[in-house]
Amino acid sequence: MSERFGKYELLQRIGVGGMAEVWVARTYGAQGFVKELVIKRILEQFNEDEDFVSMFINEARLASRLQHANIVQIFDFDQVDGVYYIAMEFVDGPDLRKVAATARRRKMPAPLTLAVHVGVEALKGLHYAHTRQERGRPLGIVHRDISPHNLLLSYAGEVKVTDFGIAKVAALASATRTGMVKGKLTYMSPEQVR
């Protein structure tokens, strides 16, 4: 059963994490144009949380500046009835967490070639983001949440980094305050932990 959300048709909720939910959606245009994409929207009960809304807005601003084959693309950012959302690329395939869980359940180690491929492709996207410049100035982006659920693997063999929601961006005025830690401890870089 689908649900209308502004100009989008929400088809299936594929995740709820923290204060947002993620849907596979569809948009329609002229002459039979149809595009599948993903809608990430703030859960209604958190629309009044100014810190979270600010972080969500910053995620959209940041991700829209990143155009790379190994980073999930952002198509739209807006609000419907006061609910902010990000419309982004649909990656047809699982995240690395699901692949690893399936391999564990089947007692099958991941092939070395797969592990190397995922690592190399993720690093290409991260290198691009971390070295991204605008007008000759580095943006100073650090992702801060490279965990298996933020690496999407398409059935076509693509690897895409997603969820720049807690990225540190030196160029944005609302960067994390000194001493504030964001991210998952088990996936933090040594620099972050320090």
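K40 is buried, because its relative accessible area is 13%, where buried means under 20%, exposed over 50% and partly exposed in between, with a 1.4 Å probe and protein chains only. This is a predicted model, in which local features need pLDDT of at least 70 and side-chain atom pairs count only at pLDDT 80 or more, while totals for chains, interfaces and linings use all residues. Residues are numbered from 1 along each chain as its sequence is written, and side-chain values use heavy atoms, with hydrogens and water left out.

**Salt bridges**

- The whole structure holds 12 salt bridges, each defined as a side-chain nitrogen of Lys or Arg within 4 Å of a carboxyl oxygen of Asp or Glu.
- One of them joins the side chains of D163 and K40, at 3.3 Å from N to O.
- D163 lies in the loop between β11 (159-161) and β12 (168-169) and K40 in strand β4, so this pair ties together parts 123 residues apart in sequence.
- D163 counts as partly exposed, because its relative accessibility is 23%.
- E3 forms a salt bridge with R41, with the closest N and O atoms 3.4 Å apart, and E3, R13, E21 and R41 are linked in a network of salt bridges.
- At 9% relative accessibility R41 counts as buried, whereas E3, at 32%, counts as partly exposed.
- E36 forms a salt bridge with R26, the closest N and O atoms being 3.4 Å apart.

**Burial in α1**

- The buried residues of α1 include F52, V53, F56 and I57.

Note on methods:
Helices (H or I, at least four residues) and strands (E, at least two) are DSSP runs, numbered from the N terminus.
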